[in-house]
Each structure stands twice: as C-alpha cells, then as structure tokens.
Amino acid sequence: MATKFANRGQGGAAEAPAGPLPITQDAPRRRRRPVVMGAGLALATVGALIAVWLVNDAGDRVSVIATAKPIPAGAVIKPSDLVIAHVSRDDALRPVPVDQKKTIIGKAAAADIPAGILVTKDSVRDKSTLTQGKDVVGILAKPGQLPSQPLQPGDEVVVVYTPQGSNGNSQGANANASGNAKPTGPDSQPAVVARVGDTDANGARVVDVATAGTSSPTLAAWAAGGNVSIVLKAKH
C-alpha cells in the first residue's frame, strides 16, 4: 500500500537544502595573544645567546699542566706526575702552558701539591738551591722530635743530639776531661730542610736535611740511633 506524505504548508519549518554546503572563506580564526608571542621570541633569543656563549667559551680554552697525583714537598717533578688539562682562559690564573712542561720537569715541589691542581711557576723551585754544595741526611723523627708547626723545604733548623741517659754533650764531656771549660748545652748542628716525607702508621716521618759535609757524618750517626730532635729556628 503506498504511503503519501503531505506537503508542509508555508507556516512549517523550511525545507533542508539539497546537496552539500558551499565552502566559504568566512570561517572564524583563532586570535594569537601578544603575550604568548613575546614570550616565545624572548626564549628563542635567550637560547641563541646561550648557544653563542657556549661556542665562544669552548673555543677560548687553553691547554695547561696539572698534577696527576699528589706530590710531596721537595720531591723532584717527573713526567708521570703531570697531566694536560683544558681550562677556560682567565687572567686571574697563571697556570703553566703545556708547551712549557719541560721547565717544570726536574724541579722540586715547593710544597705539598695535591692531585688535580694546576701547576704554576710558584709550585716548584730549583732542586739544587737547598742542596748545592751540601750533604743530605735523612732523619726518621717521631712525634715529640719535631715541632708542631709543619716543616717546609727551606726552613732553617737545628738538629739537637739527645741520647738517652746522657747530658747529650759528647764534645763538652771530652773537653771537660781534658781540663777545658765545662759544657754549656747539648750538641747540635745547623741544617736546612730539603724534604719532608709522609707520616707513617706510627706517626713518624723522614725529614731530609741539607748540611755541610763536615757535619753530615755526625748527623747520620745521631739519626741512626734515633737520638735527635729537630728545632725550627725563628724567622727574622
């Protein structure tokens, strides 16, 4: 049975247009906020400046000398003690350039130098300065035989003979037996600290002292018996 649809009158809803809707250029667009745009431009500018700074900083690095391991005071610098470090150029620093490495090798450390430290001209000294024309005697000194103030290469000291059960003045005793003047104090010999070794498990350390050739046998004999004390002379 056929179904008939009644046509709506003019008072009804408008009929849907037949076919697809036409495409127009009047579609609404999103408005860009000026604040967001400004922030993006600022970030881009900062990023560009940082990139330029990093490139320039990387290109302004210099090759210098640093310590590969700890170097005790007085030790002679060897090639294995040094490494090459690359640092930014800084007028406040005075590290030794790598092309001047030969001027450091063979010299003595002026003080204890930790590992990873930039080497400067002041880090070393001429090793012959303290020992030239002198003999070097090693003295194993225990706590109580050294001053509490740490000794440094170049310090002027007095090595005092302190034998057990004696007044410590062998020269004076001999002189007294021959009828000369009485002893005035313990025997002692002047010296200069050449190197200070590391402290061992018992708190003792070897101190190398430079002294005149006429005094070195006496100091060696004192040191062999452990009957010495090292006195640091006052600096004027």
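## Pairing of β5 and β8

In this predicted model, Gly138 has Asp208 in β8 as its bridge partner. The pairing of β5 with β8 (residues 205-211) is antiparallel and runs over seven bridges.

These strands belong to an open sheet of five strands, ordered β5-β8-β7-β6-β9 and paired in the antiparallel sense. Its edge strands, β5 (135-141) and β9 (228-232), each pair on one side only. On average, neighbouring strands of this sheet are turned by 45 degrees against each other, with direction ignored.

## Helix α4 on the sheet

Helix α4 (residues 216-225) lies across β5, β6 (156-161), β7 (188-196), β8 and β9, and runs at about 15 degrees to β5. The buried residues of α4 are Ser216, Leu219, Trp222 and Ala223. They are on the same side of the helix because they cover an arc of only 125 degrees around the axis. The buried residues of α4 pack against β5, β6, β7, β8 and β9.

Pro217, Ala221 and Ala224 are exposed and sit on the face of α4 turned away from its buried side. After α4 comes Gly226, with a positive phi near 70 degrees.

## Nonpolar cores

The largest nonpolar core contains 16 residues, and those with the most contacts inside it are Ile139, Leu151, Val157, Val159 and Val209. Two or more residues of this core come from each of β5, β6, β7, β8, α4 and β9. Leaving aside residues up to four places away in sequence, Val157 touches a set of residues including Leu151, Val193, Val209 and Ile230.

Another core, of eleven residues, lies apart from the largest one; Ile77, Leu82, Val96 and Ala109 are among its members.

## Salt bridges

The whole structure holds two salt bridges. In one, Asp81 pairs with Lys69, with the closest N and O atoms 3.5 Å apart. Both residues lie in the loop between β1 (61-67) and β2 (82-88), so this pair ties together parts that are twelve residues apart in sequence. In the other, the side chains of Lys78 and Asp81 meet at 3.5 Å, N to O. Through shared partners, the salt bridges join Lys69, Lys78 and Asp81 into one network.

The members of this network can also be described by accessibility. Asp81 has a relative accessible area of 3%, so Asp81 is buried, the limit being under 20%. Lys69 is partly exposed at 35%, and Lys78 is partly exposed at 43%.

Note on methods. Residues are numbered from 1 along each chain as its sequence is written. This is a predicted model: local features need pLDDT of at least 70, side-chain atom pairs count only at pLDDT 80 or more; totals for chains, interfaces and linings use all residues. Side-chain values use heavy atoms; hydrogens and water are left out. Two strands pair if DSSP finds at least two bridges between them. Helices (H or I, at least four residues) and strands (E, at least two) are DSSP runs, numbered from the N terminus. Axes are lines fitted to C-alpha atoms, for helices over the stretch in contact, and angles run from 0 to 180 degrees between N-to-C directions. Contact means heavy atoms within 4.5 Å. Buried means under 20% relative accessible area, exposed over 50%, partly exposed in between (1.4 Å probe, protein chains only). The arc is that of the directions from the helix axis to the C-beta atoms. A nonpolar core is a set of buried Ala, Val, Leu, Ile, Met, Phe, Trp, Tyr and Cys residues joined through side-chain atoms within 4.5 Å. A salt bridge is a side-chain nitrogen of Lys or Arg within 4 Å of a carboxyl oxygen of Asp or Glu.
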